[in-house]
Amino acid sequence: MKKGTEVWPDYDKQGNWFLHLRKERGKFTWQEIRDALTEYEEDYYLLAADCIDHGEPQFAEEEQGDHLIAYRMRDFMQ
């Protein structure tokens, strides 16, 4: 995994397991996403991205980096 990239597990409000992917600076490429997920746990994932305009960020640091969440596909194919 590239330096400045973090991956950690969490649960949503409905109790579904997912992974956070955070990049400290810049935006993720598809290859970086695949590499990070593969390194954490080889599986099939569904990605979720926040594509809603929330207005201007309060702090300049919020504009840096990227954040995605990835759900295991098998959890939705039951």
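**Figure 1. Overall fold of the chain.** Helices, which are DSSP runs of H or I of at least four residues, and strands, which are runs of E of at least two, are numbered here from the N terminus. Read along the sequence, the elements of this chain follow the pattern β-β-α-β-β, made up of one helix and four strands. The model is predicted, and for that reason local features need pLDDT of at least 70 and side-chain atom pairs count only at pLDDT 80 or more, whereas totals for chains, interfaces and linings use all residues. Residues are numbered from 1 along each chain as its sequence is written, and side-chain values use heavy atoms, with hydrogens and water left out. Of the 78 residues in the chain, 28% are buried, where buried means under 20% relative accessible area, exposed means over 50% and partly exposed lies in between (1.4 Å probe, protein chains only). Where a contact means heavy atoms within 4.5 Å, 56% of the contacts between residues at least 6 apart in sequence join residues at least 24 apart.

**Figure 2. The aromatic pair of Phe18 and Tyr71.** A search of the whole structure finds two aromatic pairs; rings of Phe, Tyr and Trp (its six-membered ring) pair if their centres lie within 6.5 Å, and planes under 30 degrees apart count as stacked, over 60 as edge-to-face and the rest as tilted. The pair of Phe18 and Tyr71 is tilted, because the ring centres are 5.3 Å apart and the planes stand at 40 degrees. Phe18 lies in strand β2 (residues 17–23) and Tyr71 in strand β4 (residues 66–72), so this pair ties together parts that are 53 residues apart in sequence. Phe18 is buried, at 6% relative accessibility, and Tyr71 is also buried, with a relative accessible area of 13%.

**Figure 3. Tyr71 and Phe76, and the aromatic cluster.** Tyr71 also pairs with Phe76 in an edge-to-face arrangement, with 5.4 Å from centre to centre and 85 degrees between the planes. Phe76 counts as partly exposed, at 47% relative accessibility. Together, Phe18, Tyr71 and Phe76 form one aromatic cluster.

**Figure 4. Arg72 and the ring of Trp17.** The charged end of Arg72 sits over the ring of Trp17, at 4.0 Å from the ring centre. A charge is taken to sit over a ring if NZ of Lys or CZ of Arg is within 6 Å of the ring centre and within 35 degrees of the ring normal.

**Figure 5. The second largest pocket.** A pocket is an open set of points on a 1 Å grid over the protein atoms alone, where a 1.4 Å probe fits, with protein on both sides within 12 Å along at least five of seven lines, and its lining residues have an atom within 4 Å of a point. The second largest pocket holds about 210 Å³ of space, and its lining consists of Trp30, Ile33, Arg34, Leu37, Thr38, Glu42, Asp43, Tyr45 and Leu47. The elements that give two or more residues to this lining are α1 (30–40) and β3 (45–48), and α1 gives the most, with five residues.

Figure 6. Lys2 is found in the segment before β1 (5–11) and counts as exposed, at 54% relative accessibility. The C-alpha atoms of Lys2 and Ala36 are separated by 8.0 Å, although these residues are 34 residues apart along the chain. Asp35 has its place in helix α1 and counts as partly exposed, at 40% relative accessibility.

Notes:
Points joined across faces, edges and corners; volume = space filled by probe spheres on them.
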